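Student: I have a structure open and would like to learn how to read it. Please take me through it feature by feature.

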Amino acid sequence: MSFTHRTRYVNPRLGTYFGIFMSAFVALGLLALILEGLGVEDGALRAAMLLGPIAFFVFIGIAAFNNEPIDYFAAGRRVPAFYTGLVLAQTALGATGLVVLTGVFFLIGFDALCLVIGGLAGFVVMAVLLAPFFRKFGAYTIPSYLGRRFESRTLRLVAGGVLAVPMLLMLAAELRIGAHAIAWFYPYAPSSLVVLGLTFVVVLTIAAGGMRSLAWSSSAQSLAALLALLVPIGVVAVIVTNLPLPQLSAGPVLRTIGRAEAAQGLPIILPPALAFDMPGEGLGLIAKRYSDAFGNIGPLAFVITTLSVLAGVASAPWLLPRVAGTPGVYEARKSLGWATLLFGISMLTIASVAIFMRDYLTDIVTVAGQVRFPPWFEDLVARGILTVSGEGRPTLSSFSVSRDDVLLALPIAAEMPSIVLYLAAGGVLAAALATAAAIALALGNILAEDVVYGLSWSPVGPGARLIVARLALGTAAALGGLIALAAPTDPLKLMLWALALTGAAAFPVLVLSIWWKRLNAFGAVAGISTGFGVTVLAIIAGEAGITGTDSTLAAAIGLPAGAVAAIAVALATPAPSRSVLELVLDIRVPGGEILYDREMRYQKRKKAQRT
């Protein structure tokens, strides 16, 4: 498969196709808005706003059917930089990041920036240290890259088994958030059936074409999620500030909130350096001022969490392999630029949602005379999203708000039509489907390529290879669904544990595999195993209260432990062979032929000669 110019890789009609999709998606929302004004039954509107977008996503995924390994595993290496960056930005923290982080910002303010800074820095580190060189190698999975980089089948199997654990945790978190979004459409639906339905939709969307189906369906899902995030807050920004740019207009609102918080007596908290008090699931009190830094999270804990998220995002096995689907190294770098920009816009937007939601509550308690609760307040109380404690005149510290419902509570507080609420909930669901599909496909590829065929370098026939890959995809999605049902753990903790495990196990070895030629297979196995093992033990110890710190914070010790183990074992064992050193030099030159494709071509030629 050779091309003379990069433009022959890319379908020139992609913009037209996605323009048609966005037109249809917007038309569906406007039609539902008109029908709501005409008095159409709410159940029909809910069904249209839930099932209509899902039908779009499934159709796009099935339409990308293919039976070629290069298309199934790498989307033909012709996904443009913008679409790759769009999906990377959306699937880095997924719907868990959108929903949970909005509530975290609302409850503890600027302390939540450790997660945002970590995600942004993770994309920068990925772009500088990893992505161009991983794109040059061209492997479909991280374990495949490590196994061939160090010429070790054992390393390939170990990496596949270790990385499957954080991916399952992240997949479970996304399925649970997706089920939470569907509860806004149908609050009485059994959660088990909802999770199983989401798992089925994920498999149905991407099984036909693998990475090719994922590339285009998740691009549509990411556009829908971005639109659903920006529209409600944009309308609120116009109502409150007359400026439809909440990322810019939230500043003056925050200053007003700050004065009200001081007048209300919200305290300035000075926590210990290692304090890590993230809001949990359910109702949480407004306990500190929004713009007060280091209130719930201590300064040292802030830095540690930022570095942990950075390493997890930069080496995430559901993110990094996507750069192998770009037409070239230049596009791989460019895609990370788009990812950083779009991720930053999303994070600024959810912070603005938290600020405007606080503003609505502040208006209630700062009014002169008797406090009167507006109808939207009573609606949120009836839904169990908001409660008021104490007697007498309420203050900001009297309110308890459900962390995972702040994002979708804003359209209710702004008294928007129900369709806007359903649009926002549909956007959350789209983000959950995109991230869950990316993780399920990446995990399925690891199971098929690195576990089933991990002991052989020779490629199998495309028919059997794709059958195994599709079966592995279904298995991975089913396992994620079972964990989502069986594990009652907070989705935020699942996400942070997944990033900590990924960063500790994969990040040191990936960076050293490119930038330190002395690293050998023994050191890589030791680094992955030690980082993963220490992190698991730290999480268990943190949950049991042995370490005296939060399990998420304790897990960060696995990252330096993995790096030290990799370096120490590599220095204590024989140096790599000459062929491995030459491979490292080849990887460090980003241009030229993709190494993985070249090796597959040689392997097929040898197999043909033997037969």
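Student: How many helices and strands does the protein chain have?

Tutor: This is a predicted model. Its protein chain comes to 23 helices and three strands.

Student: What does the radius of gyration say about the protein chain?

Tutor: A compact globule of 611 residues would have a radius of gyration near 25 Å, and the protein chain has 24 Å, so the two agree. Along the principal axes, the C-alpha trace spans about 90 × 55 × 40 Å.

Student: Which residues touch the most other members of the largest nonpolar core?

Tutor: The general idea comes first. In soluble globular proteins, nonpolar side chains tend to be buried together. Here the largest nonpolar core has 216 residues, and Leu146, Leu361 and Trp376 touch the most other members. Helix α16 (residues 418-452) gives the most to this core, with 23 residues.

Student: Which residues does Leu361 touch, beyond those up to four places away in sequence?

Tutor: Leu361 touches Phe106, Ile286, Trp376, Phe377, Leu386, Leu396, Phe399 and Val401. Two of these names, Phe399 and Val401, come back when we look at strand β3.

Student: In what order do the strands of the sheet lie?

Tutor: Strands of a sheet pair through backbone hydrogen bonds, either parallel or antiparallel. In this structure, three strands form an open sheet in the order β1-β3-β2, and the pairing is antiparallel. The edge strands are β1 (283-285) and β2 (386-388), each of which pairs on one side only. Neighbouring strands are turned by 25° against each other on average, direction ignored.

Student: How many bridges join β1 to β3, and how many pair β2 with β3?

Tutor: Three bridges join β1 to β3. β2 and β3 (residues 399-402) also pair over three bridges, in the antiparallel sense.

Student: Which residues in β3 are the partners of Leu285, Leu386 and Thr387?

Tutor: From β3, Ser400 is the bridge partner of Leu285. Ser400 also stands opposite Thr387. The bridge partner of Leu386 is Val401.

Student: Are the faces of β3 covered or open?

Tutor: Both faces are covered. Phe399 and Val401 are buried on one side, while Ser400 and Ser402 are buried on the other.

Student: Now a helix residue. Where is Ala225, and is Ala225 buried or exposed?

Tutor: Ala225 is in helix α10 (residues 211-241). A residue counts as buried under 20% relative accessible area. Ala225 has a relative accessibility of 4% and is therefore buried. Leaving out residues up to four places away in sequence, Ala225 touches Gln90, Gly427, Ala430 and Ala431. Ala225 and Val428 are 203 residues apart in sequence, yet their C-alpha atoms are 6.2 Å apart in space.

Student: Last topic, the backbone. What is the phi of Ala75, and what is that of Glu415?

Tutor: Most residues other than glycine have a negative phi, and most peptide bonds are trans. Ala75 is not a glycine, yet has a positive phi of about 55°. Glu415 also has a positive phi, near 55°.

Student: Where does Ala75 lie, and where does Glu415 lie?

Tutor: Ala75 lies in the loop between α3 (69-74) and α4 (81-91). Glu415 lies in the loop between α15 (406-413) and α16.

Student: Is Ala75 buried or exposed, and is Glu415 buried or exposed?

Tutor: Ala75 counts as buried because its relative accessibility is 4%. Glu415, at 55%, counts as exposed.

Definitions and conventions: Residues are numbered from 1 along each chain as its sequence is written. This is a predicted model: local features need pLDDT of at least 70, side-chain atom pairs count only at pLDDT 80 or more; totals for chains, interfaces and linings use all residues. Side-chain values use heavy atoms; hydrogens and water are left out. Two strands pair if DSSP finds at least two bridges between them. Helices (H or I, at least four residues) and strands (E, at least two) are DSSP runs, numbered from the N terminus. Axes are lines fitted to C-alpha atoms, for helices over the stretch in contact, and angles run from 0 to 180 degrees between N-to-C directions. The radius of gyration is taken over C-alpha atoms; the globule rule is 2.2 Å times the number of residues to the power 0.38. A nonpolar core is a set of buried Ala, Val, Leu, Ile, Met, Phe, Trp, Tyr and Cys residues joined through side-chain atoms within 4.5 Å. Buried means under 20% relative accessible area, exposed over 50%, partly exposed in between (1.4 Å probe, protein chains only). Contact means heavy atoms within 4.5 Å.
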